Every structure is written in structure tokens, then in C-alpha cells.
Amino acid sequence: MPPRLAACPPEILDQLCADFRCLDRHKVMRLSAQPDKITQHLAQAHDLTLSEASDTLINWFATRSAWIDQRAA
């Protein structure tokens with residue numbers, strides 16, 4: 001599980017859903033306290049393995065870190 005996923009505010013989860021359009025926004029919001037389930041949802045929506053989905057989320061956080069830090073401050 002990507003380490004930062006567990007503490008994401010809704011605004012960041014909205015951006016995640018905007019960047020990964022196959023994600024169901026309502027499902028992601030409902031699963032926000034269960035980061036492993038969001039990883040599973042990404043894997044299913046994009047036909048990825050759980051490892052690939054986790055890596056994808058880690059990379060997403062890495063490329064979005066400045067934006068995320070700015071929003072979280």
C-alpha cells in the first residue's frame with residue numbers, strides 16, 4: 001500500500017480519480033479509510049496486478065508530492 005494513501009484528504013482523492021478516470025470517485029471516497037481497498041479498486045479498474053497498482057500509486061504520489069504537500073499545509 002502506498003504510505004500516503006491512508007491520510008489523504010478528499011481533495012487529493014478527487015485528483016487521484018481525475019488522473020485515473022476508470023476509478024469510481026464515490027467508491028474511492030467510501031474506501032478512503034481502507035487504502036488497500038483503493039489499491040485493489042485501481043488494480044481491477046485498470047487490469048493491473050496488486051503490485052502494479054501499488055507501484056502506480058507510489059509513482060503518482062511521487063510526481064504529485066509538491067502539489068499534495070501544498071494542499072495539506
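These are my notebook entries on a predicted model of a protein.

**Entry: overall layout**

I began with the secondary structure and found 4 helices and 0 strands in the protein, so that, read along the sequence, the pattern is α-α-α-α. The exposed surface comes to about 4,400 Å², and carbon and sulfur atoms supply 50% of it. I also looked at contacts between residues with a separation of 6 or more, and 49% of these join residues 24 or more positions apart.

**Entry: confidence**

Before going into detail I checked the predictor's confidence, which averages a pLDDT of 86 over the protein, with 86% of the residues scoring at least 70. Confidence is highest in H3, at a mean of 94, and lowest in H4, at 85. I keep in mind that where pLDDT is low, the predicted coordinates should not be read in detail.

**Entry: the nonpolar core**

Which residues touch the most other members of the largest nonpolar core? I noted Leu13, Leu16, Leu23 and Trp60, out of the 19 residues that form this core. Helix H1 (10-19), helix H2 (25-30), helix H3 (35-45) and helix H4 (50-72) each supply at least two residues of the core, and the largest share, 6 residues, comes from H4.

**Entry: tryptophan 60 and its ring partner**

I next searched for aromatic pairs, and the count comes to 1. The pair consists of tryptophan 60 and phenylalanine 61, whose ring centres lie 5.1 Å apart and whose planes meet at 85 degrees, so I recorded the pair as edge-to-face. The cut-off that matters here is that planes over 60 degrees apart count as edge-to-face. Both tryptophan 60 and phenylalanine 61 are buried, and tryptophan 60 is also among the core residues that touch the most other members.

**Entry: isoleucine 68**

Staying with helix H4, I looked up isoleucine 68, which lies in that helix and is buried, with a relative accessible area of 4%. How many residues apart in sequence are isoleucine 68 and isoleucine 12? They are 56 residues apart in sequence, while in space their C-alpha atoms are 6.8 Å apart.

**Entry: helix H3 and histidine 41**

In H3 I found Pro35, Ile38, Thr39, His41, Leu42 and Ala43 to be buried. Leaving aside its neighbours within four places in sequence, histidine 41 is in contact with Leu23, Asp24, Lys27 and Val28. Of these contacts, I note that Leu23 is also one of the core residues listed above.

**Entry: aspartate 47**

H3 is followed by aspartate 47, which has its place in the loop between H3 and H4. The phi of aspartate 47 is near 55 degrees, a positive value in a residue other than glycine. I flagged this because most residues other than glycine have a negative phi. Aspartate 47 counts as exposed, at 70% relative accessibility.

**Entry: salt bridges**

Lastly I looked for salt bridges, and the count comes to 2. In one of them, arginine 25 pairs with aspartate 14, the closest N and O atoms being 2.6 Å apart; arginine 25 sits in helix H2 and aspartate 14 in helix H1, 11 residues apart. Arginine 25 is partly exposed, with a relative accessible area of 38%, and aspartate 14 also counts as partly exposed, at 30%.

The side chains of aspartate 19 and arginine 64 meet in a salt bridge as well, at 2.8 Å from N to O. Aspartate 19 belongs to helix H1 and arginine 64 to helix H4, so this pair ties together parts that are 45 residues apart in sequence. I recorded aspartate 19 as partly exposed, at 32% relative accessibility, and arginine 64 as partly exposed, with a relative accessible area of 23%.

Note on methods:
Residues numbered from 1 in each chain as written. Predicted model: local features only at pLDDT ≥ 70, side-chain atom pairs only at ≥ 80, totals over all residues. Heavy atoms only, no water. Contact = heavy atoms within 4.5 Å. Areas by Shrake-Rupley, 256 points an atom, 1.4 Å probe, with all protein chains shown as cover. Core = buried A, V, L, I, M, F, W, Y, C linked by side-chain atoms within 4.5 Å. Buried < 20%, exposed > 50% of the residue type's maximum accessible area, 1.4 Å probe, protein only. pLDDT = per-residue confidence, 0-100. Salt bridge = Lys/Arg side-chain N within 4 Å of Asp/Glu carboxyl O. Phe/Tyr/Trp six-rings, centres within 6.5 Å; stacked < 30°, edge-to-face > 60°.
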